[in-house]
Amino acid sequence: MMVTLSFDNGPEPEVTPGVLDTLAKHSVKASFFVMGRKVVTPEGHALAERAVAEGHWVGNHTWSHTQPLGELDRAAALSEFERAEESLAWLDQTPRLFRPYGRAGKLGHHLIHPVVVEKLVSGKYTTVLWNCVPGDWRDPEGWVATAQRQCSPKAWNLIVLHDQPGSGMKHLDRFLTALKESNVPIVQDYPDDCVPMREGQIVGPIEASTSARTD
């Protein structure tokens, strides 16, 4: 079994520094899928820059994270994606990363509007989904046990956690310690079944995550 860690919905001055400190303590590299409206603040920008400086990957997780892009019309979906990209214009990272908002970790056609797929292809983005959602925002005290249970059947787990208030990241150290004590490798790359697009090349069933909207 292997584990890849990702953190969504930050950066948050109350939480992200502690997450970065804990990852550094365990020498773990992760991915942070950030909200554009948070990155444009001075505090958020500084935290995103710190994450990059410490070897983590940073990706677009939409501007406002209010509605899945596949449920929006063309103009709104494009705005959500492009405004978030503008907030990351300073980021010198190849490939560019994108993770759609799924609403409580759900996968399906609601995730991406076709116009955003076009942007992802032309911009040579890697689209990153997930296969382990322990619900840290719902159960901040019990998510570690849920994560361990969800991970055990799979060979490679891409876990979604949240560096946001109320998500129980005070238990991240305990989770990482348990993984290391069980000799579970923690890697930064992503399992193929969670990446329908790599550097603009469609390599998996992206249509399963794309709406049929034309407006």
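A cavity is a set of points, on a 1 Å grid over the protein atoms alone, where a 1.4 Å probe fits but cannot get out. Volumes here are the space filled by probe spheres set on the points, with grid points joined across faces, edges and corners. The views below come from a predicted model, in which local features need pLDDT of at least 70 and side-chain atom pairs count only at pLDDT 80 or more, while totals for chains, interfaces and linings use all residues. Residues are numbered from 1 along each chain as its sequence is written, and side-chain values use heavy atoms, with hydrogens and water left out.

**View A. The largest cavity has a lining to which α3 gives the largest share.** Searching the whole structure turns up 1 cavity of 30 Å³ or more. The largest cavity holds about 40 Å³ of space. Lining residues, meaning those with an atom within 4 Å of a point, are G10, P11, T16, F32, V34, L47, A48, A51, V58 and D163. Helix α3 supplies 3 residues of this lining, and β2 and α3 each give at least two. Helices (H or I, at least four residues) and strands (E, at least two) are DSSP runs, numbered from the N terminus. Sorted by class, the lining has 7 nonpolar, 2 polar and 1 charged residues; here Ala, Val, Leu, Ile, Met, Phe, Trp, Tyr, Cys and Pro count as nonpolar, Asp, Glu, Lys and Arg as charged, and the others, Gly among them, as polar.

**View B. The largest pocket has a volume of about 210 Å³.** Of the 16 residues lining this pocket, H65, Y101, A104, G105 and H162 are the closest to its centre. A pocket is an open set of points with protein on both sides within 12 Å along at least five of seven lines. Its lining divides into 7 nonpolar, 7 polar and 2 charged residues.

**View C. Helix α1 (residues 16–25) has T16, V19, L20, T22 and L23 as its buried residues.** Seen down the axis of α1, these residues fall within an arc of 165°, so they line one face of the helix. The arc is that of the directions from the helix axis to the C-beta atoms. Buried means under 20% relative accessible area, exposed over 50%, and partly exposed in between (1.4 Å probe, protein chains only). The buried residues of α1 pack against β1 (2–8), β2 (31–34), α3 (42–53) and α7 (172–181).

**View D. V116 sits in helix α5 (residues 114–122).** With 0% relative accessibility, V116 counts as buried. Contact means heavy atoms within 4.5 Å; leaving aside neighbours within four places in sequence, V116 is in contact with L69, A77, L78, F81 and F98. For scale, V116 and E141 are 25 residues apart in sequence and 36 Å apart in space, C-alpha to C-alpha.

**View E. S87 belongs to helix α4 (residues 74–87).** Its relative accessibility is 7%, so S87 counts as buried. Neighbours within four places in sequence aside, S87 is in contact with G36, V39, V40 and W63.

**View F. The structure has 0 disulfides, a disulfide being a pair of cysteine sulfur atoms within 2.5 Å.** C132 is in no disulfide, and its nearest cysteine sulfur, that of C151, is 3.8 Å away. C151 is likewise in no disulfide. C132 counts as buried at 0% relative accessibility, and C151 counts as buried at 2%.
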